[in-house]
Amino acid sequence: MSTSLDRLYNFALLDEDAKREIRRSLLKAVALPGHLVPFASRDLPIARGWGTGGLQITMSIITPDDTLKVIDQGDDDSVNAVNLRRLITRTTGVNTTVDTAEATIIQTRHRIPEESLRADQILVLQVPMADPLRWVEPNLERATVMHSEANYGKMWVYMYESVVRAGDLRIASQYPVLVNRRYLMDSTPIPRWDVPKLHMAETLYLFGAGREKRIYAVPPYTIVEPLQFDDYPFRTEYQPGQRCARCGAEHTFLTHHFVADAGGGRWEATCSDTAYCARRRAQAEALL
Amino acid sequence: MTMENWLLRLERLHKHFGPTCPDCRRLTGPDVGRSRCPRCGTVWACVDINLHLYAGEVLGIVGESGSGKSTLLQMVYLALRPDSGHIWFREADGTVCDLVTLDRYETRLFRNTRLGIVCQRPELGLNMRFSVGGNVAEKLLLAEWRHFDRIRVRTLELMTRTELPPERIDDEPATFSGGMLQRVQIAKALAIHPTLLLLDEITSGLDVSVQARVLDLLRRIQWEDRMTMLLVSHDLGVVRQLARRTIVMKNGAIIEAGLTDQILEDPQHPYTQLLVSSAL
């Protein structure tokens, strides 16, 4: 896949000073894992809330030699992914891929790819809401103080109340995690399934919230622990017997969608990571 | 009880709010009957406060509104930073530290492990959006309790002890009466066995019979746990029931200190005489 490079713009659209400022914030974020670092979120030809945070990070770290993969909900071909990919390639001319193993920068929303990532790859996550404390403390200033004092009692009460009301830790996505035993971090709208992938990972994870003007990071080999109780531990969505209807995988995160057919249609569960699913099917076909 | 047996020692504690001017000190204080400087508007909330608090005792602080007693309590709770002076605290192992020198993180840690507070208005001490159980559990969670069932058991235990109906553990504070909310605050304060319990006008908004029950509860806690308490009140009756020793504050300064009975029976300072004669 390639789109012709548009010479009208600076490399990676943003001006060099803007990229430098973002890189500086990224360095600070890596130095303080899980800490929210403010940055001057730029105007982009994409509306705030559509992945501008992640986009700006990608634009600041990308080089002409990089290979880019953009996914949205695990899907390489959804609208958001296609548009972001087109903008990045038009202004940088880098090669793009759907193969996770081939990519050097992966920009994503809502998912971390199924294949385990390597040390030479960077995962950039688009973040809608940066501060996990917004659930318990709507005042940003007070939330900042709570972060600085590692005062997460209110968040723990929120978890306690969740068990009281629902009988379990009922948090579907954006599960709060404690990074490096210090900062409480929003894991972004990735499902619980992907949360363990943040812990002691080989890869650098960068998080960008464009609307909220915040950057944070999980450097490689960082301890990332989900908030949990000894007797009510954190659990992923895994259900025994689950299976992708296309590739038959039993160890992936599945999405459910309606397939219409002559008999009226039925619900089907398939891999959310479409590239991974396609590769498994290709491998299976090659064996036949 | 020797002088070296104290748990908490306040030394030359000062707190003022405002720009200050050269005439401030002359124009304020108990002798002139003002806390607020008429020249520059600076409020001298606490001036040269020295006192000892011994382990296991209840010390009463009385004084009219604006006398600086709540400011003093807030400084001991480490919520307000004094302008100068020291707050010495003796740990169980005998080491002494100055709480004024703690940074924010250490301050919070100290507050969560050593101090309990009961405020006059429950909405200041409680989070009205959480359940009653959640409010009590917050203290336990801050002290790194991570076992849900054990937190529940401990919360129920505390509720029983403070005469709260255990079956209402998951109800919202808004559905509780004023007296019950004060007991919720006490349960929360006691959750982690604090070394020092701070009580700020705890019975001010309560009717007399409810007030008596809350005071009974505190007396029992004091008796059973030998809990050290700092009790701020403008109500001499409350102080008489709980505190053995009392200090009287006026316009930011301590004007009289001694045994509660002695102060109430034989007040020395004209202001204390006025206070006692008007209250009793």
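**Reading strands and their partners**

Modeller: Let's start with a pair of residues: A:Val177 stands opposite A:Pro226 in strand 10 of chain A. Keep in mind that this is a predicted model.

Biologist: OK, how do strands of a sheet pair up in general?

Modeller: Strands of a sheet pair through backbone hydrogen bonds, and the pairing can be parallel or antiparallel. Here, strand 6 of chain A (residues 176–179) pairs with strand 10 of chain A over three bridges, in the antiparallel sense.

Biologist: In what order do the three strands of that open sheet in chain A come?

Modeller: The order is 7-6-10, with antiparallel pairing. Strand 7 (183–186) and strand 10 (224–226) of chain A are the edge strands, as each pairs on one side only. On average, neighbouring strands of this sheet are turned by 35° against each other, ignoring direction.

Biologist: Now chain B. Which strands does strand 3 of chain B pair with?

Modeller: Strand 8 of chain B (residues 228–232) pairs with strand 3 of chain B over four bridges, in the parallel sense. There, B:Leu59 has B:Leu230 as its bridge partner. Strand 9 of chain B (residues 245–250) also runs parallel to strand 3 of chain B, joined to that strand by four bridges. On that side, look for B:Gly60 opposite B:Thr246.

Biologist: Are the residues of strand 3 of chain B buried or exposed?

Modeller: To call a residue buried, we want 20 or more other C-beta atoms within 10 Å of its own. In strand 3 of chain B (residues 58–62), five of the five residues are buried. B:Val58, B:Gly60 and B:Val62 point one way, while B:Leu59 and B:Ile61 point the other way.

Key:
Residues are numbered from 1 along each chain as its sequence is written. Chains are lettered from A and ligands numbered from 1 in the order in which they are written. This is a predicted model: local features need pLDDT of at least 70, side-chain atom pairs count only at pLDDT 80 or more; totals for chains, interfaces and linings use all residues. A residue is buried if 20 or more other C-beta atoms lie within 10 Å of its own, exposed if 12 or fewer, and partly exposed in between; C-beta atoms are placed from the backbone. Helices (H or I, at least four residues) and strands (E, at least two) are DSSP runs, numbered from the N terminus. Two strands pair if DSSP finds at least two bridges between them. Axes are lines fitted to C-alpha atoms, for helices over the stretch in contact, and angles run from 0 to 180 degrees between N-to-C directions.
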